[in-house]
Amino acid sequence: MDLSKFRKDFPMLRDGITMQGKPLVWLDNASTTFKPDCVIEAIERYYKHETSNSHRGDYDLAYATDMEILKTREAVAKFIGSKKEEVVFTSGATNSLNLVAFGYGAKYLKSEDEILLTEAEHASNVLPWFKVAEMTGAKIKYIPLTKEGRLLPENLEKVITDHTKIVAVAHITNVLGYQADIKALSAIAHKHGAVLVCDGAQSVPHIKIDVKDLDCDFLAFSGHKLCGPTGIGVLYGKYDLLVKTDPFMTGGGMNARFDMCGDVGFLEPPMRFEAGTLNLAGIYGLHAAIDYLMGIGMDNIEAHERELKAYAVAKLKDYPNVKLYNADSEAGILTFNIDNIFAQDAATYFNSKGIAVRSGQHCAKILTSFLGTLATVRASFYFYTTKEDIDCLVDAIAHSEDYLDAYFI
Amino acid sequence: MPTSFELTPEMMRAIIMDHYSSPRHKHDAEGEGYVSLHSSSVNCIDDIEVYLKLNKEGKVEDACWNGVACAISTASSDIICDLLVGKTEDEAKYLIEQYNHMLHEEPYDAEPLEEALAFKNTSRQAARIHCATIGWDAFNELIKGHKHE
């Protein structure tokens, strides 16, 4: 699948951006993604010609902003297969997961209850639950992973009990890129009366999502990982669960009425969760990003990334000094180490070649004990990544014995 | 100020690889009289403890460090231990000051830096300057008297 024609839409890819004097090779898409012109223009349109607050004015500009929010909500709903009332705007996946943890988890969990996570979760799907466990006395337990790091439904079946109230897992894990069978996991969770919270930060940008089919109860994702702006994200929740969820923040724009006696009536979801002025430019940009991705086709994006992954895995086979931790994972993520080169030193070396990769624990710090390494290098792709980008990475690996040259030459 | 001789890239690499592959001072403190300080990095994996022992005359009797560290932080922490031993507090402070000037591309006195000159070009990898200073900063804190027995 050749999607390289889309590179011309991205200033970061077409404007001759360099790093360390070399043409930029961007392989940190799991961290964030570049923005096409249409997204940048949408943000600019809001700031230049359509600025107004929402839900506030009786004038045309405010009405237009309200309409854009509504249209974006509809676009997101179409993108993930939900109803528009089930789309809550947040600042990102972290905010979304915190809203579920504190608005739902903290409200309903009791000391005898259990929260099930995995060792491969991002910090944003671990730390809110740690805090909620501390507040409620509920216990955190881990669903065992296979030795490769994959979450299998039968392993959930082994540890789930009728005390389990929350199962919170990544759809695609951010270090290894394994895709979980959310539909099967949801069915098991529901059989035991638990809700399934899906961290979609690494899946929603890369594969077609249908929340009705997945049957997850909540889904969190960020705009900036799918070509949208930073500071905007979404929490999807089944409507009846959103109704039962408390707001995480209170303030303007989310209440229907309140009086001096502290009697407050909150708005219905999703606006109940959207206190204060939303990231309106972010919403304009998110709308443009979603339209853009749907124009390319999520199936095409997934197919392209799988092809790149297979290409990269085949190439790396020629280098016995490269330890690849996730050759068989679905996502366009390569997680590896080069023998005798500390991950951070490797990342600095790649930087010296103009290649942006991430080193470290990738915000999944409990995974490092599972992998038996303190840190890894992660190269991650998107639809605009090319085989030439991967060739650059492989070529750098081939010459990595000179890695300390990054500091001298 | 520049040194009387220029370190070649090969020499810099040899110095760093030497201290990275066989650090002399990478171990916990043994015995009494040490002060120590923990230091870790937010954006990198480095997580080290440094130990310092002064003698009665106020000179550094021993310096060592231990922990998880990349090549640059391993070599730089090890080299400062070499350089600190035998120095007075004032000499140690001067050494660390000159090293910091060098890393931040400011004028510096190369004379006391010896093998630490291998980090002269670390500023080319701006994101990693912290790796070259993590041990140095911790020793600096200890020398300034922020003691954690």
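View 1. A:L116 stands opposite A:K141 in strand β6 of chain A, and in strand β7 of chain A the bridge partner of A:L116 is A:V167. Strands here are DSSP E runs of at least two residues, helices are H or I runs of at least four, and both are numbered from the N terminus; two strands pair if DSSP finds at least two bridges between them. The model is a predicted one, in which local features need pLDDT of at least 70 and side-chain atom pairs count only at pLDDT 80 or more, whereas totals for chains, interfaces and linings use all residues. Residues are numbered from 1 along each chain as its sequence is written, chains are lettered from A in the order in which they are written, and side-chain values use heavy atoms, with hydrogens and water left out.

Strand β5 (residues 114-117) of chain A runs parallel to β6 (residues 139-142), to which 4 bridges join it, and parallel to β7 (residues 164-170), with 3 bridges. A:E114 and A:L116 on one face of β5(A), and A:I115 and A:L117 on the other, are all buried (under 20% relative accessible area, 1.4 Å probe, protein chains only).

**View 2. The domains of chain A.** An automatic or database domain assignment divides chain A into domain 1 (4-31 + 297-407) and domain 2 (40-295), whose C-alpha centres lie 28 Å apart. In the contact between them (heavy atoms within 4.5 Å), 36 residues of domain 1 meet 38 residues of domain 2. The two domains bury about 2800 Å² between them, 57% of it on carbon and sulfur atoms, where buried area is the accessible area (1.4 Å probe) that two parts lose on being put together, summed over both.

**View 3. The interface of chains A and B.** Here 21 residues of chain B are in contact with 20 residues of chain A, and the chains bury about 1800 Å² between them, 58% of it on carbon and sulfur atoms. B:R13, B:I45 and B:Q125 supply 37% of the area that chain B buries against chain A, more than any other three residues.

**View 4. The largest nonpolar core.** Among its 79 residues, A:F350, B:L84 and B:F119 touch the most other members; such a core is a set of buried Ala, Val, Leu, Ile, Met, Phe, Trp, Tyr and Cys residues joined through side-chain atoms within 4.5 Å. Helix α4 (residues 129-143) of chain B contributes the largest share, 9 residues.

Terms used:
Buried < 20%, exposed > 50% of the residue type's maximum accessible area, 1.4 Å probe, protein only.
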